[in-house]
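Please examine the structure shown below together with its sequence.

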Amino acid sequence: MKEEKKKTTQPRWSDLNLSNEKLIKMYRDMLLIRRFEERAAQEYGKGKIGGFCHLYIGQEATGVGAIAPLREDDFIYTAYRDHGQALARGMDTNGCMAELFGKVTGVSKGMGGSMHFYDLSKGFMGGWGIVGGHPPLAAGSAFATKYQGRDSVTICFMGEASTNQGVFHETLNMAQLWKLPVIFICENNGYGMGTAISRAMAGEELFDKAAGYEMARGAVNGMDVIEMYREMTIAIERARKENLPTFLEARTYRFRGHSMSDPGQYRTKEEIEEYKKRDPIETFGKELVAEGILKQSDIELMDEAIKKEVQEAVEFADASPQPPIEVLYDNIYA
Amino acid sequence: MERDSSVFLLGEDIGPFGGAFKATKGFLQHFGEDRVVDTVLAETAILGAATGAAVVGMRPVAEIQFADFVTTGFSQLVNNSASVHYRWHIPCPMVVRLPSGAGIHGGPFHSRNPEAWFFHQPGFKIVAPSTPYDAKGLIKAAVRDNNPVLYLEHKRLYRHIKGEVPDTDYIVEIGKGDVKRTGNDISVITYGSMVHMALEAAEVLQNENGVSVEVIDLRSLMPLDSELIFSSVRKTGKVLIAHEDNITGGIGGEIAAMISDICFQFLDAPIKRIGAIDTPTPYSPTLEEYFLPNTKKVVAALQELAAF
């Protein structure tokens, strides 16, 4: 608070052409993801949500910072941990919660669940449940927009474990060779389920996996929404103007287990606490307050409004009808 | 491709080389490299990229050099392509061309008939032309369809079968079989390369045994023309299902189950099946000949049915 009054230096995002409104929106999106998922975890515990539920808590800055600089006509592919990116893209909170509840009002009409969110009108192309299975689809999407003469960009989130799949390498080679406007964002949260990356990857630097294809590459602090935004702005420019792909390793951390059924015996409490000190929402919130963009009371009001929005989403999902049995057969073919 | 610019081809060596079996010879010169895309040797990426392009408005036609190699990209097809519409209600219009089948001494990795793997997975359409006329009509139908269509082209038929192909723009409707020969005593339900053996065998039965054999060419394996199958069985009361794929777990078993379910009271004999024996495909021409079904084996099976 003291710095607020005496401040003489520019904020560190002064080069990014970010309005206060946009900065506040980014903060709000992160907080919405956090509150949405905390509530999803509770509903899972109550048995309202079935199957699997992989939370994004801790990684919010990666998704929000990557998606915020996109245009509406850009496309997003992601893996199974997809709630955060869907909300960051502005997908309907009610529809997202209803999908978790398996209801017909869900974003995939109850046919996909937690891992298969989708909204074509937002360019949100899923939500793919097999680790490493979706990167070639993103390359195909980028191929298509280039072929069609559009200057849309496709971004593709994946976890670090998926870079051990063969198709990851097939896709990077293809993307660089064909000069596709696609950005691969590897969310390196340090663990493939319970396997630490040091036990799963030969080599020092994950982003160097793209070196064999001479693809533009680098690592970024994925706990920092501004740094994500900055690196993505550069990558998006490269894709849109030069039709060139980028591989970006976002170093992040998930505060919760891999899924709801993860006792977490593969890492220490101390390690988790250490990362929580770098909580992407808290740190950015403090920074916005310090810069005089938000007041603490604004944050509290915002939090209340978000909690209300999430509460309403739960009520909506709860009240929504189950899919009728007939739809089981309806959409096998187009 | 002339009528719809969203159609493009991708595959290994389909450009200057013209495809391993020359199916795309001349396409590069005519349509250019934007639409005839040589890929790296990476079936998973080919099939994944085709799926990704299809869901944003393209109509990719992917060539898998030998159908056997589709196994490398199996997950892309069965998990991704086949379920897009079911999950999200958006079309996934793509064609995967699969040069398949044995009889050319290709050995165990270049001879497979892959239809049963995909027949089991809801979401695909599967076609298997036996004549040049149907090959053209079905590829056009496949390209215009809004679903992932697996197009099986039997490698042995490339060189062994000739037939008239009209210049006109026609399609053969997916899901419709064809009565290639009418008969009253026994129905042969078949597709692909076996159609020709069945027709030869039917001729033998007519001439040597005075038995009238009907030959149904399924043309589409998914969806099956079940009405055509049932109406033929109701007429003849005896059935031989013939496919080149090996017997166990082949689609003949499913067809037999459908017939026994719906037409049991019309059957005058057990449903017989003929196919390759249940081993990997041997290279040795002598062993391969023993392994595969052929006209003689079809004749023997039909005679057995006739005598029942």
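In helix 8 (residues 225-242) of chain A, A:Glu227 and A:Arg230 are three residues apart, so about one helical turn separates them. Helices here are DSSP runs of H or I with at least four residues, strands are runs of E with at least two, and both are numbered from the N terminus. A:Glu227 and A:Arg230 form a salt bridge, with their closest N and O atoms 2.7 Å apart. The term salt bridge denotes a side-chain nitrogen of Lys or Arg within 4 Å of a carboxyl oxygen of Asp or Glu. Side chains of opposite charge can pair when their charged atoms come close. A:Glu227 is partly exposed, at a relative accessible area of 22%, whereas A:Arg230 is buried, at 17%. Buried stands for under 20% relative accessible area, exposed for over 50%, and partly exposed for the range in between, computed with a 1.4 Å probe on protein chains only. Both residues belong to a network of salt bridges that also links A:Arg12, A:Asp15, A:Asp224 and A:Glu287.

The model is predicted: local features need pLDDT of at least 70, side-chain atom pairs count only at pLDDT 80 or more, and totals for chains, interfaces and linings use all residues. Residues are numbered from 1 along each chain as its sequence is written, chains are lettered from A and ligands numbered from 1 in the order in which they are written, and side-chain values use heavy atoms, leaving out hydrogens and water.

Other charge pairs in chain A also lie along helices. In helix 2 (residues 20-45) of chain A, A:Arg39 and A:Glu43 are four residues apart, and about one helical turn therefore separates them. Their salt bridge has its closest N and O atoms 3.1 Å apart, and both A:Arg39 and A:Glu43 are buried. In helix 11 (residues 296-319) of chain A, A:Asp303 and A:Lys307 are likewise four residues apart, about one helical turn. The side chains of A:Asp303 and A:Lys307 form a salt bridge at 3.8 Å, N to O. A:Asp303 counts as buried at 12% relative accessibility, while A:Lys307 is partly exposed at 40%. Over all chains, the count comes to 38 salt bridges.

A:Thr246 lies in strand 8 (residues 246-251) of chain A and is buried, with a relative accessible area of 4%. Its side chain is joined to that of A:Arg238 by a polar contact of 2.7 Å. A polar contact is a pair of N or O atoms within 3.5 Å; within protein, one must be able to donate a hydrogen and the other to accept it, and residues adjacent in sequence count only if both atoms are side-chain atoms. Leaving aside residues up to four places away in sequence, A:Thr246 touches several residues, including A:Val182, A:Phe184 and A:Met215. Contact here means heavy atoms within 4.5 Å.

Attention now turns to chain B. Chain B is divided into domain 1 (7-160) and domain 2 (178-307), with bounds from an automatic or database domain assignment. The contact between these domains takes 27 residues from domain 1 of chain B and 26 residues from domain 2 of chain B. Their C-alpha centres lie 26 Å apart. The two domains bury about 2100 Å² between them, 59% of it on carbon and sulfur atoms; buried area is the accessible area (1.4 Å probe) that two parts lose on being put together, summed over both. On the side of domain 1 of chain B, B:His105, B:Phe119 and B:Ser130 lose the most area to domain 2 of chain B, together 28% of what that side buries. Two salt bridges cross this interface, and the side chains of B:Asp134 and B:Arg219 meet in a salt bridge at 3.1 Å, N to O.

The last topic is the contact between the chains, which takes 43 residues from chain B and 36 residues from chain A. The area buried between chain B and chain A is about 3200 Å², of which carbon and sulfur atoms give 68%. In chain B, B:Tyr86, B:Arg87 and B:Trp88 lose the most area to chain A, together 24% of what that side buries. The count between chain B and chain A is zero salt bridges, but 18 residue pairs are in polar contact, both residues being at pLDDT 80 or more.
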